[in-house]
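Have the viewer open and follow along.

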Amino acid sequence: MIYPVTVFGDPVLRKVAEPIEKDFDNLDEFLENMWETMYHSDGVGLAAPQIGKSIRVFVIDASSGADEEPELADFKKAFINPEILELNGDEWTMNEGCLSLPEIREDVSRPETVKIKYLDENLEEHVEEFGGFAARVIQHEYDHLEGKLFVDYLNPLKKRLLKSKLTAISKGKVHTSYKIRIPGKK
Ligand code: NI
């Protein structure tokens, strides 16, 4: 099932998401819906708050980064109840976008590597370190679970320049190839 994507102005994107319990109902189906929604909207990653669920789950398919980083060719992972243990390396800048911030792209600086503990789709625990594009996407998606969006990192001037665009998004006045959930509407 393809969900409409929540956008800037929706309170669910500002909440700290809750961990899921081991007896979470229909996890397979939930993840399937996350993947379906992500691929439908051409996203590289999708976090549960972006489909209106305030739980600590995100999915990432970073295979589009394989041109520059061949080891990403089969990078398709679900991260459940993730916990960032360490951020290391120099910060580097990349132009980021987000399905919840349609038509906005901005340069964001983030540390180079991330060490993360998480459960996979079978609820098996992993502790792994990622670098490059994967580390970038993981940090972006993890922020969604903390109620953060990439525009939060911009300087005050950039934020001011984006204000009218953000207001328009929150009213649903934006063009997207996928369905969005307009904040405040049922
Ligand atoms: Ni995002």
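## Starting from one leucine

Leucine 145 touches Lys15, Val16, Ala17, Ala47, Pro49, Ile55, Arg56, Val57, Phe58 and Pro82, leaving out residues up to four places away in sequence; a contact here means heavy atoms within 4.5 Å. This is a predicted model, where local features need pLDDT of at least 70 and side-chain atom pairs count only at pLDDT 80 or more, while totals for chains, interfaces and linings use all residues. Numbering runs from 1 along each chain as its sequence is written, and side-chain values use heavy atoms, with hydrogens and water left out.

Leucine 145 lies in helix α2. Helices (H or I, at least four residues) and strands (E, at least two) are DSSP runs, numbered from the N terminus. With a relative accessible area of 0%, leucine 145 is buried. The burial scale goes like this: buried is under 20% relative accessible area, exposed is over 50%, and partly exposed is in between, using a 1.4 Å probe and protein chains only. Between leucine 145 and aspartate 120 there are 16 Å in space, C-alpha to C-alpha, and the two are 25 residues apart in sequence.

What about the rest of α2? Here 13 of the 14 residues are buried, so the helix is largely enclosed by the rest of the structure. Glycine 147 follows α2 and has a positive phi, near 80°.

## The nickel site

Which residues hold the nickel ion? Cys98 (SG), His140 (NE2) and His144 (NE2) coordinate the nickel ion, at 2.1 to 2.2 Å. Donors are N, O and S atoms within 2.8 Å of the metal (3.2 Å for Na, K and Ca), and water is not among the atoms, so sites may look incomplete. Along the chain, the donors of the nickel ion follow the spacing C-x41-H-x3-H. Distant parts of the chain are linked this way: cysteine 98 sits in the loop between β4 (76–96) and β5 (106–119), and histidine 144 is in helix α2 (residues 132–145), 46 residues apart. Cysteine 98 and histidine 144 are both buried.

Glutamate 96, in strand β4, is worth a click too. At 4% relative accessibility, glutamate 96 counts as buried. The side chain of glutamate 96 makes a polar contact with the side chain of histidine 140 at 2.8 Å, and another with the side chain of arginine 136 at 2.7 Å. A polar contact is a pair of N or O atoms within 3.5 Å; within protein, one must be able to donate a hydrogen and the other to accept it, and residues adjacent in sequence count only if both atoms are side-chain atoms. Leaving out residues up to four places away in sequence, glutamate 96 touches Ile104, Arg105, Glu106, Val108, Arg110, Arg136, His140 and Phe150.

| Helix | Length | First to last C-alpha | Expected span |
|---|---|---|---|
| α2 | 14 residues | 21 Å | 20 Å |
| α3 | 15 residues | 20 Å | 21 Å |

There's a kink of about 45° in α3, centred on lysine 163; the bend at a residue is the angle between axes fitted to the seven residues ending there and the seven starting there. At the start of α3, a side-chain oxygen of asparagine 155 comes to within 3.1 Å of the backbone nitrogen of leucine 157. Just after α3, glycine 172 has a positive phi of about 80°. Leu162, Leu166 and Ile169 of α3 are buried, and the buried residues of α3 pack against β5.

## Two cores

The largest nonpolar core has 34 residues, and those with the most contacts inside it are Met34, Val57, Val59, Leu101, Ile104 and Val151. Such a core is a set of buried Ala, Val, Leu, Ile, Met, Phe, Trp, Tyr and Cys residues joined through side-chain atoms within 4.5 Å. At least two residues of this core come from each of α1 (27–40), β3 (57–61), β4, β5 and α3, and α1 gives the most, with six. Leucine 101 touches Phe8, Leu149, Phe150, Val151, Leu166 and Ile169, not counting residues up to four places away in sequence. Another core, of 19 residues, lies apart from the largest one, with Leu72, Phe79, Ala135 and Tyr142 among them.

Technical notes: Expected span 1.5 Å × (residues − 1).
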